[in-house]
Amino acid sequence: MANMADPLKLGVLVSGSGSNLQSIIDNIEKGSLKASIQVVISNNPDAFGIARAQKHGLSAVILKHEDFNSREDFDLELIKILKSNKVELVVLAGFMRILTPVFLKAFPQRIINIHPALLPSFPGTHGQKMAFEYGVKFSGCTVHFVDEGIDSGPIIIQSVVPVYDNDTEESLAARILEQEHRIYPQAIQLIAENKIKIEGRKVHIKTVEKIPPVALYNPPLAGF
Ligand code: GRF
């Protein structure tokens with residue numbers, strides 16, 4: 001890890017819209033997130049995330065997975081690009097590819113992901129849809145370290161949102177996405193400040209104030 005005064009060097013991997021990438025860019029430009037995006041990589045040539053990166057003058061690379069014979073070959077090329085850009089933290093932001101152990105070994109405890117549900121509930125794709133259809137009263141989003149499983153690594157931060165009676169899958173997804181845009185930069189900043197220690201499944205966060213001792217109810221309690 002570089003000197004703490006230096007911005008943390010990020011490599012952001014996208015496959016789609018890139019709204020989380022945008023939030024990271026905006027927070028860096030505002031000065032609230034002490035990081036620099038060294039490179040943005042997309043496996044999808046049509047990803048809007050690439051246009052967002054270019055608009056902000058960031059280096060953007062398209063790496064089509066179909067051009068590779070195996071997942072490992074694709075991952076080796078990813079590693080090459082990330083290492084040559086001196087990336088210290090790999091940020092998956094809607095990246096729709098499962099990474100192989102080769103990739104995980106190249107960046108031990110240095111890959112993070114954002115998932116649109118309260119893990120360990122509803123891992124995999126369509127987290128918002130699954131939570132909505134299940135009928136949960138709260139859902140949310142989770143930033144976690146990436147391990148060999150699907151959305152199963154140690155949890156860094158979560159945000160909880162209510163599910164309302166008149167919600168649709170889309171309105172719930174929008175409420176969750178708004179929170180994603182807040183907790184992802186926060187998680188990266190905690191890593192940049194070296195405030196995170198992983199012990200087994202647990203991520204300990206130094207010097208974070210305790211959250212107030214509140215409970216949330218949905219629907220609200222009426223006099224109980
Ligand atoms: C987000 O919902 C994120 O949780 C999931 O993929 C989506 C990416 O959205 N992993 P965007 O490309 O950042 O807009």
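For I114, a backbone N or O atom is found 2.9 Å from a nitrogen atom of the ligand. A polar contact here is a pair of N or O atoms within 3.5 Å. On its own the ligand has 370 Å² of accessible area, of which the protein covers 82%; such areas come from the Shrake-Rupley method with a 1.4 Å probe.

This is a predicted model, in which local features need pLDDT of at least 70 and side-chain atom pairs count only at pLDDT 80 or more, while totals for chains, interfaces and linings use all residues. Residues are numbered from 1 along each chain as its sequence is written, and side-chain values use heavy atoms, with hydrogens and water left out.

Which residues are around the ligand? They are S17, G18, S19, N20, G94, I114, H115, P116, Q128 and E180, where a residue is near a molecule if one of its heavy atoms lies within 4 Å of it. By class, this shell has two nonpolar, seven polar and one charged residues, with Gly counted among the polar ones.

Helix 1 (19-30) and strand 5 (111-115) are the elements that give two or more residues to the shell; helices (H or I, at least four residues) and strands (E, at least two) are DSSP runs, numbered from the N terminus. Because domain 1 (8-108) and domain 2 (115-207) both give residues to the shell, the ligand lies between them, the domain bounds being taken from an automatic or database domain assignment.

## Backbone details

A cis peptide bond, with omega about 10°, joins L119 and P120, and P120 is found in the loop between strand 5 and helix 5 (127-134). A cis peptide bond also joins N218 and P219, with omega about 5°, and P219 has its place in the segment after strand 9 (202-205).

K86, a residue other than glycine, has a positive phi near 60°, and its place is in the loop between helix 3 (71-84) and strand 4 (89-92).

Notes: A polar contact is a pair of N or O atoms within 3.5 Å; within protein, one must be able to donate a hydrogen and the other to accept it, and residues adjacent in sequence count only if both atoms are side-chain atoms.
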